[in-house]
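Where does this protein leave space, and what surrounds the ligand? The report below takes the pockets, the ligand site and a few local features in turn.

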Amino acid sequence: MFMNQLIPKNYLVASYPNRGISFVEGSGMYLREKSGEKYLDLGSNYGVSIFGYVHPAITKALTNQINSLVSLHGSFNNPLRSEAARELVAKCKGKMSRVFFSNSGAEAIEAALKFACLSTGKQHFIALKNSYHGKTLGALSATSGDKYRHAFEPLVWDFSHLSITDHQLLASAVTENTAAFLLEPVQGEGGIHVFKEADMKFVQKLCDEKNILLIVDEIQTGVGRTGKFLASEHYGLQPDIICLGKGIAGGIPIGVTLVSEEIALKVPVHIHTSTFGGNPLASAGILAVLAEFENTSLLKHITEMGDYFLRELKTIKSNKIKEARGIGLMLALELYENATSTLKALQQNHIIAIPAGSNIVRFLPSYLITKKEIDLLIATLKRIFNYV
Ligand SMILES: Cc1ncc(COP(=O)(O)O)c(C=O)c1O
């Protein structure tokens, strides 16, 4: 994305934008170049490093596990895997009863779609415009937007991508073959869209009345990001399936699909497995991350810092800024122009933020954040936008 010419040709497929920077180390909220230059990471590696880099307790748990047992196929039992599943079920509550582990967010969605199909016998899904659920073929079918889909169409199964505000259209989209409604409680990649409570309540009512499953993609919003363990809790949603990923295993690749008992009982042996799914290293990561939530003031801290962050973002006045919005530590500065030059200017000031779509600067900071880092960002943004 930036300064392409500075990066020598390498052997990687260039499917990622190039930020023109190379990091070799992380510590707390900072990433370091080989030269020792430090950058404040306000994207937490796309929402993964929720407790910062090299968090002492999480690193200790992972290191211990590396020295004990890294990988173990799901056909062999492992106490850490069972414990991680039990803890996740306890944390997500509601209808959640059993867990399927995989290795990425997209895989968590793949499992959710297959389990919904197995339990209903149906293959039509409703998802939302601007939704992002990953890029493997099943998850991509759920993801909206030509940018990602066009080259691969026709995609699998049948997805209707609709607006959450058009209740009539949503209701009429449900057919005899509709298995489930899939949604992110707050859209991330699509531009940090926080929905109205009335719209979320309508989705729940529609699922209840039409007897279709509700699948909630909490891969970005879950695990505390919005100030509750699950963003669904803000709206009183009662999902049948929940997907988690990103930072839930302390930085170890992970996908989690939680399901109700009713759905779990419809999944036959062998039909969906993954060699690395639920490996002891990721399980140790999950337990270490969940242990951090025993600190009862953590969610309060996320909410307070998020409120302060948003309030401060709103104080920046510029004709380039359309809106500052978000919830908890999931925030956006929507611009009237492409976000690249602002991201680049921040990077030149040793601050990392990430894009969402083409014109949004997205912030998904680590939960370690304090007012000090927020104030530094705001002062830098005010300089960038000539508002000092
Ligand atoms: C809401 C949501 N769902 C699914 C995914 C896909 O996760 P992964 O990139 O781990 O496959 C993401 C990734 O950003 C996401 O934000």
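## The second largest pocket

A pocket is an open set of grid points, on a 1 Å grid over the protein atoms alone, with protein on both sides within 12 Å along at least five of seven lines. A volume is the space filled by probe spheres set on the points. The model here is predicted. Its second largest pocket holds about 920 Å³ of space. The lining counts 30 residues, and the closest to the pocket centre are Gly74, Val99, Phe100, Phe101 and His272. Two elements give two or more residues to this lining: helix α3 (79-92) and strand β4 (96-102).

## The ligand site

The ligand has these residues around it: Ser104, Gly105, Ala106, Tyr132, His133, Gly134, Glu184, Asp217, Ile219, Gln220 and Lys246. By class, this shell has three nonpolar, five polar and three charged residues.

Lys246 places a polar side-chain atom 2.8 Å from an oxygen atom of the ligand. For Asp217, a side-chain N or O atom lies 2.7 Å from a nitrogen atom of the ligand. On its own, the ligand has 390 Å² of accessible area, and the protein covers 81% of that.

Rolling a probe the size of a water molecule over the atoms shows where empty space is left. How many cavities of 30 Å³ or more does the structure hold? The count is one. The largest cavity has a volume of about 60 Å³.

Lining the largest cavity are Gly47, Ile50, Glu218, Ile219, Gln220, Gly222, Val223, Arg225, Gly245, Lys246, Gly247 and Tyr367. These divide into four nonpolar, five polar and three charged residues. Ile219, Gln220 and Lys246 belong to this lining, and Ile219, Gln220 and Lys246 are also among the residues around the ligand.

## Val89 in helix α3

Val89 is part of helix α3. Leaving out residues up to four places away in sequence, Val89 touches Met96, Ser97, Arg98, Val99 and Leu258. One of these contacts, Val99, is also among the residues closest to the centre of the second largest pocket.

## Backbone details

Two backbone features deserve a check. Glu153 and Pro154 are joined by a cis peptide bond, with omega about 5°. Pro154 lies in the loop between α6 (146-149) and β6 (158-162).

Asn45 is in helix α1 (residues 44-47). Phi of Asn45 is near 55°, a positive value in a residue other than glycine.

Notes: Residues are numbered from 1 along each chain as its sequence is written. This is a predicted model: local features need pLDDT of at least 70, side-chain atom pairs count only at pLDDT 80 or more; totals for chains, interfaces and linings use all residues. Side-chain values use heavy atoms; hydrogens and water are left out. On a 1 Å grid over the protein atoms alone, a cavity is a set of points where a 1.4 Å probe fits but cannot get out, and a pocket is an open set with protein on both sides within 12 Å along at least five of seven lines; lining residues have an atom within 4 Å of a point. Helices (H or I, at least four residues) and strands (E, at least two) are DSSP runs, numbered from the N terminus. A residue is near a molecule or strand if one of its heavy atoms lies within 4 Å of it. A polar contact is a pair of N or O atoms within 3.5 Å; within protein, one must be able to donate a hydrogen and the other to accept it, and residues adjacent in sequence count only if both atoms are side-chain atoms. Accessible areas come from the Shrake-Rupley method with a 1.4 Å probe; for residues, only the protein chains shown count as cover. Ala, Val, Leu, Ile, Met, Phe, Trp, Tyr, Cys and Pro count as nonpolar, Asp, Glu, Lys and Arg as charged, and the others, Gly among them, as polar. Contact means heavy atoms within 4.5 Å.
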